[in-house]
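Biologist: I would like to go through a structure with you, one question at a time. Please show the sequence and the structure first.

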Amino acid sequence: MRITVFGATGGVGREVVAQALDAGHEVTAVVRDPARLGVPAHNRLDVAVVADLTDEDALVPVLAGRSAVVSALGAGSNKQAKAAPVTGPAARAVLAAMDRAGVSRLSVVSAAPLGPDVPGDGVFTRAVLLPVLRRALRDLYADLAVMEAAIAASSTEWTVIRPPRLLDRPGTGTYRRAIGANVPAGRVIPRADVAHALLATLNDPATFRRPVGIAT
């Protein structure tokens, strides 16, 4: 499969690039600064520099002839949350460019707080912890909500992956997932497992046009 990866220099994005190459895919990593990619050169890796991810015309060439798109532009730090919106504007440009390039498969990372509450998580989590988290990171989640709305309204065969707090730990390979829901008591997940989920759903029709909650 020929895959274009957005957000390739982030923690999840680098894992997506490395795992995709290990799986035998051809990868186009879209970056602003190639020095930040941190993935060794590979004969199936093409690094494409795009300065502005809202520039639809600049995105079409990195999508032409590809089989799928993986976007690791998503949940980030609180500092990022206070910056100008990124994922929403970029999603609109990527979707338009995908349409022009004839690419229909899309897998993106979002965040668990955009999914439905899990009744089994208890009143304290649902009434206290989640509302506090959503207020603290409201700008970030508002940006992700714009992204999700644009994707849901598109003609792409999309999957939205919604992880909880991300960890810099080795992947477990045994994470849980819930199609159309959040994972009960899902608190954390390694970035490597998020990358695995993004890639695994590309060939899983059960996840097409569905959000998927994941957690360890």
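Biologist: At what relative accessibility does Arg209 count as partly exposed?
Modeller: Arg209 is found in the loop between α7 and β10; helices (H or I, at least four residues) and strands (E, at least two) are DSSP runs, numbered from the N terminus. Buried means under 20% relative accessible area, exposed over 50%, and partly exposed in between (1.4 Å probe, protein chains only). Arg209 counts as partly exposed because its relative accessibility is 33%.

Biologist: This is a predicted model, so which pLDDT do side-chain atom pairs need in order to count?
Modeller: Residues are numbered from 1 along each chain as its sequence is written, and side-chain values use heavy atoms, with hydrogens and water left out. In this predicted model totals for chains, interfaces and linings use all residues, local features need pLDDT of at least 70, and side-chain atom pairs count only at pLDDT 80 or more.

Biologist: What phi does Arg209 have, although it is not a glycine?
Modeller: Most residues other than glycine have a negative phi. Ala185, in the loop between β8 and β9 (188-190), has a positive phi of about 55°. The phi of Arg209 is also positive, at about 60°.

Biologist: Which strands stand at the edges of the sheet, each with a single partner strand?
Modeller: The sheet is open, has eight strands and mixed pairing, and runs in the order β3-β2-β1-β4-β5-β6-β10-β8; two strands pair if DSSP finds at least two bridges between them. One side of each edge strand is left without a neighbour in the sheet, because each has a single partner; these strands are β3 (45-49) and β8 (176-179).

Biologist: How many degrees does the twist average from one strand to the next?
Modeller: Axes are lines fitted to C-alpha atoms, for helices over the stretch in contact, and angles run from 0 to 180 degrees between N-to-C directions. From strand to strand, the average is 20°.

Biologist: Which residue in β4 stands opposite Val5?
Modeller: Strands β1 (residues 2-6) and β4 (residues 68-71) pair in the parallel sense over four bridges. Opposite Val5 stands Val70.

Biologist: What angle does the direction of α1 make with that of β2?
Modeller: Helix α1 (residues 11-22) packs on the sheet and touches β1, β2 (26-31), β3 and β4, where contact means heavy atoms within 4.5 Å. With the direction of β2, the helix makes about 160°.

Biologist: Is Thr9 buried or exposed?
Modeller: Thr9 lies in the loop between β1 and α1. Leaving aside neighbours within four places in sequence, its contacts are Arg14, Val31, Asp33, Arg36 and Leu37. With a relative accessible area of 13%, Thr9 is buried.

Biologist: What distance separates the C-alpha atoms of Val27 and His42?
Modeller: Val27 sits in strand β2 and is buried at 3% relative accessibility. Beyond four places in sequence, its contacts include Ile3, Val5, Val17 and Leu45. His42 is 15 residues away along the chain, and the C-alpha atoms are separated by 9.5 Å.

Biologist: Which helix do the buried residues of α2 pack against?
Modeller: In α2 (residues 56-63), the buried residues are Leu59, Val60, Val62 and Leu63. An α-helix has 3.6 residues a turn, so residues three or four places apart point the same way. The buried residues of α2 pack against β1, β2, β3, β4 and the helix α4 (87-101).
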